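These are my notes on a single chain. I set out to look up contacts, strand pairing and the nonpolar core.

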Amino acid sequence: MTQTNLTPIRFENAIWEGHLASEDTPEIEVRYRDQTLPDVELVEAEGGWTLRVPVPSSLLSEGVHSVVIWDQRSNHKLGDFTVISGSPVAEDMRAELSLLRAELDMLKRAFRRLHGENNP
């Protein structure tokens, strides 16, 4: 059994495309919201396979939507892609970044406090 590696190529005209490096024909499953996406194409290409995933229109709505690509033979995740859209997204991302910065500051203070107590 050979290892399958996925390299993203492009996301254009509602089709996500990637290259799978594998000697054997891969067994791929593409999932969104715990459902297998239909019409996924796997075409033999130079040095491996080209994977084409048509993006459903339900994915093109407000919020963050993730699609996961699985290798069914090894039962592990090969990759994923995310679509972020809508006006609230910018505010959500800024709020999330602000929260992450606050948590990082808190961790830095705790680390410095612990480091100072253990090393006089």
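This is a predicted model: local features need pLDDT of at least 70, side-chain atom pairs count only at pLDDT 80 or more; totals for chains, interfaces and linings use all residues.

Entry 1. I placed Thr 50 in strand β6, residues 48-54. Is Thr 50 buried or exposed? Its relative accessible area is 11%, and buried means under 20%, so I recorded Thr 50 as buried.

Entry 2. I then traced the sheet. Four strands form an open sheet in the order β1-β2-β6-β5, and the pairing is antiparallel. I noted β1 (5-12) and β5 (41-45) at the edges; each has a single partner strand, so one side of each lacks a neighbour in the sheet. On average, neighbouring strands of this sheet are turned by 25° against each other, direction ignored.

Entry 3. I looked up how β1 is joined to β2. Strand β2 covers residues 15-21 and runs antiparallel to β1, with seven bridges between them. For Phe 11, I found the bridge partner in β2 to be Trp 16.

Entry 4. I turned to the largest nonpolar core, which has 17 residues. Which of them touch the most other members? I found these to be Leu 51 and Ile 69. At least two residues of this core come from each of β2, β3 (28-32), β6, β7 (63-71) and β8 (76-85).

Entry 5. Last, I listed contacts of Ile 69, again not counting residues up to four places away in sequence. Among them are Leu 6, Trp 16, Ile 28, Val 30, Leu 51, Leu 78 and Phe 81. Ile 69 also touches Glu 29, Lys 77 and Gly 79.

How values were computed: Residues are numbered from 1 along each chain as its sequence is written. Side-chain values use heavy atoms; hydrogens and water are left out. Two strands pair if DSSP finds at least two bridges between them. Axes are lines fitted to C-alpha atoms, for helices over the stretch in contact, and angles run from 0 to 180 degrees between N-to-C directions. Buried means under 20% relative accessible area, exposed over 50%, partly exposed in between (1.4 Å probe, protein chains only). A nonpolar core is a set of buried Ala, Val, Leu, Ile, Met, Phe, Trp, Tyr and Cys residues joined through side-chain atoms within 4.5 Å. Contact means heavy atoms within 4.5 Å.
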